[in-house]
Amino acid sequence: AHELRGSGVAVVGVVPGFTGTEAVVEAFAAEDLEPPEAAHSPEYVGRAVVHLAADPDVQSLSGASEQVATLAGRYGFVDVDGRSFAPFRMPDENRLRQ
């Protein structure tokens, strides 16, 4: 991001959540299960990328990594089935103590 900023190129890391890819769906189906409610579609990630590409102020995010759920809140999009997701937060009890 730093090296490309002068060229007008933004570099934003897009961090998906639990994505219901074909492989994930197949793995759950092999156990006669459905993916959990927390799983979003691959299209949800694609929508984040499309919004970033269309954002005239994308340079303000350059150098950052953003969760798809955070970008959905910023840009106001939802998954293909109309659901929205909260950004993932590590519970305090799971954090390493220093």
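In this predicted model, Asp55 is buried, with a relative accessible area of 12%. Asp55 sits in the loop between helix 2 (42-54) and strand 2 (65-67). Beyond its neighbours within four places in sequence, Asp55 is in contact with Arg74 and Tyr75.

The largest nonpolar core comprises 13 residues. Tyr44, Leu52, Val68, Leu71 and Phe77 have the most contacts inside this core. Helix 2 and helix 3 (68-75) each contribute at least two of the core residues. In soluble globular proteins, nonpolar side chains tend to be buried together.

Three aromatic pairs are present in the structure. One of them joins Phe18 and Phe28. This pair is tilted, at 6.3 Å centre to centre and 50 degrees between the planes. Phe18 lies in the loop between strand 1 (13-15) and helix 1 (22-30), and Phe28 lies in helix 1, so the pair ties together parts that are ten residues apart in sequence. Phe18 is partly exposed, with a relative accessible area of 35%. Phe28 also counts as partly exposed, at 24% relative accessibility.

Tyr44 and Phe77 form an edge-to-face pair, because their ring planes stand at 65 degrees, with the centres 5.6 Å apart. Tyr44 belongs to helix 2 and Phe77 to the segment after helix 3, so this pair ties together parts that are 33 residues apart in sequence. Both residues, Tyr44 and Phe77, are buried. Together with Phe85, Tyr44 and Phe77 make up one aromatic cluster. Leaving aside neighbours within four places in sequence, the contacts of Tyr44 are Val68, Ala69, Ala72, Phe77, Val78, Asp79 and Phe85.

Terms used: Residues are numbered from 1 along each chain as its sequence is written. This is a predicted model: local features need pLDDT of at least 70, side-chain atom pairs count only at pLDDT 80 or more; totals for chains, interfaces and linings use all residues. Side-chain values use heavy atoms; hydrogens and water are left out. Helices (H or I, at least four residues) and strands (E, at least two) are DSSP runs, numbered from the N terminus. Buried means under 20% relative accessible area, exposed over 50%, partly exposed in between (1.4 Å probe, protein chains only). Contact means heavy atoms within 4.5 Å. A nonpolar core is a set of buried Ala, Val, Leu, Ile, Met, Phe, Trp, Tyr and Cys residues joined through side-chain atoms within 4.5 Å. Rings of Phe, Tyr and Trp (its six-membered ring) pair if their centres lie within 6.5 Å; planes under 30 degrees apart count as stacked, over 60 as edge-to-face and the rest as tilted.
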